[in-house]
Each structure stands twice: as C-alpha cells, then as structure tokens.
Amino acid sequence: MVPIDDILIRIKQMLQFRRITTQKRFIPQIDGLRFVAISSVVLLHLYAALEAGIIPAPWKMSSDLPKRGVELFFAISGFILGIPFASHYVLKAARVDLKQYFLRRLTRLEPPYFISLLVWAAVQMMVGHRHLGEMGPHLLSSFAYLHNAFFGAFPGAINLVAWSLEIEIQFYVLVPLLALLFTIPSASIRRIALAGLILGSGFLSIAAHRNIHLRASILYYLAFFLAGFLVCDLYLTRHEWKPSFRWDLLALCGWPLVWYFEGNVGHILLPFVIVVLYLTAFRGRICSAIFSNRVITDVGGMCYSIYLFHVLVISAGRHISTPLHIGQNFWAYYGLQAVLILPCVLISCGPFFLIIERPCMDREWPRKLWHWWQELVSSATQPQEPLPRPSLDPE
C-alpha cells in the first residue's frame, strides 16, 4: 500500500502551476507578458462573442484587434527562442544542438495541440453537425500545420485559433537561420540590422496582406518575431539594469498603443512599441514587480492551454450566461459576463495544463513515459505468487 505521505507529495507536485523551463532558466517577467497577451486574446474574443448579444455593443471590433495578443506572443517567441542561439554567438555559450532543438519543439507543443484538434473535431461533429468526410482534409492539414497554406486561416478550420500556431512553427524552422544575425560582432551594427529588418518586414507585410494565404504566414508577422530577437539581444548584453520609475511611466503611456494601432500602420510601428514595452517589464520598478507576481506568472505560464480551448469555453458559457444583465449598459453587461465566464475558462483549462501541457514541458517525458509503460507491462506479465492454502490445523 502506498504511504499517504507519498500520495500527498505526488498531489502537491501535480498541482504546481509554474512552468517547467529548459535548463531551469525561468524569467518571471516573460510569463507576466504572456499573461498580458493571453488576457488580450480572451477578453477580445469575449467581446466578439457578446457583440451580437441582447445589449448592443458600442462599437464594432475590427478583425485586426483580436490579433494583438497573438502578435505579443510572437515577440515573446522571438525572445525565448533567440536566447540559446544569441547566448552561443554573442556570449560564447554552448552550441545549440539542432536535433534537440527540433525534438524539443516536437515533444513540447504537439501533444496538447493534437489533443485540442481531436476535442474540437468531436465538438464540431456533435454540436455543429459537421461530417467527418467534410472535416477530414481540414483536420489532416491542421495536423501537418498546413491549413493556412491550403485553405487560409479560417475557412473550415477545426480549431479556430490554430492559424497562429502554424505561423509559430514556420518561425521555429527558420530560427537557426535567422539567428545568424547574432553572429554580427558589433552590438550596435547588429541592433541596427535587426531594426532595419523589423522595419522592412513591416512594409513587406503590406504586400503579404493582399493574399489570403500570405496574410496567415510568417511573411506577414516576421517583424514581431524579430522584435523579440532585438529584446533578446538587449537583455543578454545588459550590464546593470537599475529599475526606474521612468520606465513605468513609459509603460503607462505605451501599452494603450498596442490596441490603438491598426492595419498597415500597426504592422510597421507596433513591433518597435513592443520592444520598448517589453524592456519596461524588466526595467520599470512597478512593471517588474507586477510582471513577476506569482499569480500573474502562473496564469501566464498556462497560456498555451488557455489559448487552445478558451473559445470553446466562451461559446459554451455564453449560451447559459448571456441572458443575464444589469440594466442596458453594455460595459456593465460585459463586466458581468466576464465575471461569470472567465473563471470557467481557468477552471476548464487548468486541469488540461496540469495533466497534459505541463508534463510535456519536461524534455525527458517521452523517456519517462516509456519506462513507466515498460514497468506496467512487466508487472502485468509477471506470474503472481500463489496464495498459501488455508491450514486445517486448528493451531
């Protein structure tokens, strides 16, 4: 019988929400920024779900606005994936093992993503009455991260938010090549080159937007990934960053711009705004404390699970809660719906994070799973010792 103390220890380990990081490198401000990004995505999708509700919305949301959170995520990806390559080229750290790099992407991201596709497909079959034959090509292309290329981002999509994950995969493949920018020995020239490429990519996105397939590709969003590269360069080569209230003031003025810029102007200027705002997360006295808060970093750390399933939870929740309202003011209505639905998002996505996503953050999980399976099979196939026959002796 397993001791109760061991059971309690295992339960405590399972209920840890802090993400498992590669090489034990944990930067709390990054998970704080993930919190902002996923909050933007969820809150704007909630607004879109309520737009046609019983109380009219004050303004019609543009199709670009919900993507702001995704663009914040892209910059975070540029920062995180740039660190090991920049550390090697700039700080002379160990070389990145490309086999392990790609294997890590495979074992970390695919299991939660594939499971989400199957869940979404099942829901669409049962609730949306979509036939498997019609969904088949969309499902298979999504498994291969090619739905954007074949069909565009949204037509027939299984998981409505998976379009951005396909762009992430394109960036992951290109990172070893793009990271050669860090081989430029002069820091000033390297940063000027990155800034120039960010600006050039912004103008390139204007042409890419005209094509339904290119606007859902790395060509349209490259500037945001490169913005993360620039923040990575500045972060790794910092000497002494003293927190300052000036950076907090800059953040206060800059964050609203993220949701103000739209269209072509947004794709040209917004990456530079993001660079400044991400620096404030490290350099502002108040910002650094906020973005390092444990509750914020824990929610930000489970952003992938929330991203994969939040639309399903919002869609289910609004069918029950949308008739509830206080007066006829939309923002009071929106606040009430947020109070009712957002906890459901966390409660629904939290178990998925703990059971599926977080274990996949451990780079050794395939080996551990294989050993566990071998032990299970071995214990099942071993012959059981026969029970002793009951004695007839009264003593």
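1. The secondary structure of this chain is made up of 16 helices and zero strands. Helices here are DSSP runs of H or I of at least four residues, strands are runs of E of at least two, and both are numbered from the N terminus. Please keep in mind that this is a predicted model, in which local features need pLDDT of at least 70 and side-chain atom pairs count only at pLDDT 80 or more, while totals for chains, interfaces and linings use all residues. Residues are numbered from 1 along each chain as its sequence is written, and side-chain values use heavy atoms, with hydrogens and water left out.

2. On overall dimensions, the C-alpha trace spans about 95 × 60 × 45 Å along its principal axes. Of the 395 residues of the chain, 47% count as buried; buried means under 20% relative accessible area, exposed over 50%, and partly exposed in between, with a 1.4 Å probe and protein chains only. Contact means heavy atoms within 4.5 Å. Among the contacts in the chain with a separation of 6 or more, 77% come from residues 24 or more positions apart.

3. Helix α2 (residues 28-50) packs with helix α11 (residues 263-283) at an angle of about 130°, and their axes are 10 Å apart. That angle makes α2 oblique to α11. The axes are lines fitted to C-alpha atoms, for helices over the stretch in contact, and angles run from 0 to 180 degrees between N-to-C directions. Angles under 35 degrees count as roughly parallel, over 145 as roughly antiparallel, 65 to 115 as roughly perpendicular and the rest as oblique.

4. At this packing, Q29, I30 and L33 in α2 meet Y278, A281 and F282 in α11. The residues of the contact divide into five nonpolar, one polar and no charged. In this grouping, Ala, Val, Leu, Ile, Met, Phe, Trp, Tyr, Cys and Pro are nonpolar, Asp, Glu, Lys and Arg are charged, and the others, Gly among them, are polar.

5. How many disulfides does the structure hold? It holds zero disulfides, a disulfide being a pair of cysteine sulfur atoms within 2.5 Å. C253 is in no disulfide, and the nearest cysteine sulfur, that of C287, is 11 Å away. C253 counts as exposed, at 52% relative accessibility. C349 is in no disulfide either, with the nearest cysteine sulfur, that of C344, 10 Å away. C349 is buried, having a relative accessible area of 1%.

6. Two backbone angles deserve a look. K92 is not a glycine, yet has a positive phi of about 65°. K92 lies in the loop between α3 (68-91) and α4 (98-126), and is exposed with a relative accessible area of 67%. Y145, also not a glycine, has a positive phi of about 60°. Y145 is placed in the loop between α5 (132-143) and α6 (147-151), and is buried, with a relative accessible area of 11%.

7. Finally, M125 is found in helix α4. Is M125 buried, exposed or partly exposed? At 38% relative accessibility, M125 counts as partly exposed. Leaving aside its neighbours within four places in sequence, M125 is in contact with R130, L132 and M135. The C-alpha atoms of M125 and S217 are separated by 28 Å, and these two residues are 92 residues apart along the chain.
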